[in-house]
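Me: I have a structure open and want to learn how its features get their labels. Can we go through it step by step?

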Amino acid sequence: MPKLALIRHGQSQWNLENRFTGWVDVNLTEEGEKQATKSGELLKATGIEFSQAFTSFQTRAIRTLWLALTAMGRCYLPETKSWRLNERHYGGLTGLDKTETAKKHGDEQVRIWRRSYDIAPPPLAKDDPNHPSQDLRYKDVPANELPDTESLKTTLERVTPFWESDIAPALKGGNVVIAAHGNSLRAIVKNLFGLDEEEIMKVEIPTGNPLLIDLDDNLKPISAKYLDEARANPLPAIK
């Protein structure tokens, strides 16, 4: 039976500064590096042998994976990067201070943008320096697939094809570790656990704490747990 480890990247600089990050490529803080390394130590302690690793195009997730694999002594694992595992795009909120944004637009409006399932923030202008079309790493992505803004729903629609084409087949042949982002990982959790729109909005994946999921041969969850119990958040029931 395959095992899947999901790691939300360690604390980033904009996590620390309480800013909307999305697709902006910020790095890990010193604390984030420690969280990433501890993730690898926790995975190593399980004794599980992983055969494939996946991550996004964003530095904070890539470095989290590398630090974790280093701590595991498994830097040689095959690694696949995909923009489809990127964080949710926060549109016009990108880079803004969350507290200041709430003062400007009201707590309720910001809550809707952040926590509703299918309502996206205002779009980011295509000529904005933070728009993905201005970033060379996305030069091979069709322009009509690069988001100006996203909800969790459209993030899930972006992630799911990559799950089906790459991750699921890899799980058919071994154990997989994914280092990505809060919302791209929530998209995977929603699909795996069969959660509805209200249930997935209650799921919050902590930074740098591996979520280890045991799967059956049909890739349905049998059990799931966070490896750092002291920093664990509630998990949805397995249906």
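Me: Why does Leu-16 count as exposed?
Reply: Leu-16 has 51% relative accessibility. Exposed means over 50%. The value passes the cut-off, so Leu-16 counts as exposed. Keep in mind that this is a predicted model.

Me: Where is Leu-16 found, and what does Leu-16 touch?
Reply: Leu-16 is found in helix H1. Leaving out residues up to four places away in sequence, Leu-16 touches Gln-11 and Thr-29. Contact means heavy atoms within 4.5 Å.

Me: How far apart are Leu-16 and Gly-32 in sequence and in space?
Reply: They are 16 residues apart in sequence. In space, the distance is 9.6 Å, C-alpha to C-alpha.

Me: What makes Trp-23 and Tyr-138 an aromatic pair, and why is the pair called tilted?
Reply: Their rings are 5.0 Å apart, centre to centre. Ring centres must lie within 6.5 Å to pair, so these two rings qualify. The angle between the planes is 35°. Stacked needs under 30 degrees and edge-to-face needs over 60, so 35° counts as tilted.

Me: Why does this pair tie together parts that are apart in sequence?
Reply: Trp-23 lies in the loop between helix H1 (13–16) and helix H2 (30–46). Tyr-138 lies in the loop between helix H5 (107–115) and H6. The parts are 115 residues apart in sequence, so the pair ties them together.

Me: Are Trp-23 and Tyr-138 buried or exposed?
Reply: Trp-23 is buried, and Tyr-138 is buried too. Ring pairs also link Trp-23, Phe-57, Trp-83 and Tyr-138 into a cluster.

Me: How do you know that a charge sits over the ring of Trp-14?
Reply: The charged end of Arg-19 is 3.8 Å from the centre of that ring. The distance cut-off is 6 Å, and the direction must also be within 35 degrees of the ring normal. Arg-19 is listed as sitting over the ring of Trp-14. Likewise, the charged end of Lys-98 sits over the ring of Phe-20, 5.5 Å from its centre.

Me: Which residues have the most contacts inside the largest nonpolar core?
Reply: They are Leu-4, Leu-6, Leu-85, Ile-167, Ile-178 and Ile-188. This core has 33 residues. H6 gives the most to this core, with 9 residues.

Me: What does Ile-188 touch?
Reply: Beyond residues up to four places away in sequence, Ile-188 touches Leu-6, Leu-85, Val-159, Trp-163 and Ile-178.

Note on methods: Residues are numbered from 1 along each chain as its sequence is written. This is a predicted model: local features need pLDDT of at least 70, side-chain atom pairs count only at pLDDT 80 or more; totals for chains, interfaces and linings use all residues. Side-chain values use heavy atoms; hydrogens and water are left out. A nonpolar core is a set of buried Ala, Val, Leu, Ile, Met, Phe, Trp, Tyr and Cys residues joined through side-chain atoms within 4.5 Å. Buried means under 20% relative accessible area, exposed over 50%, partly exposed in between (1.4 Å probe, protein chains only). Helices (H or I, at least four residues) and strands (E, at least two) are DSSP runs, numbered from the N terminus. Rings of Phe, Tyr and Trp (its six-membered ring) pair if their centres lie within 6.5 Å; planes under 30 degrees apart count as stacked, over 60 as edge-to-face and the rest as tilted.
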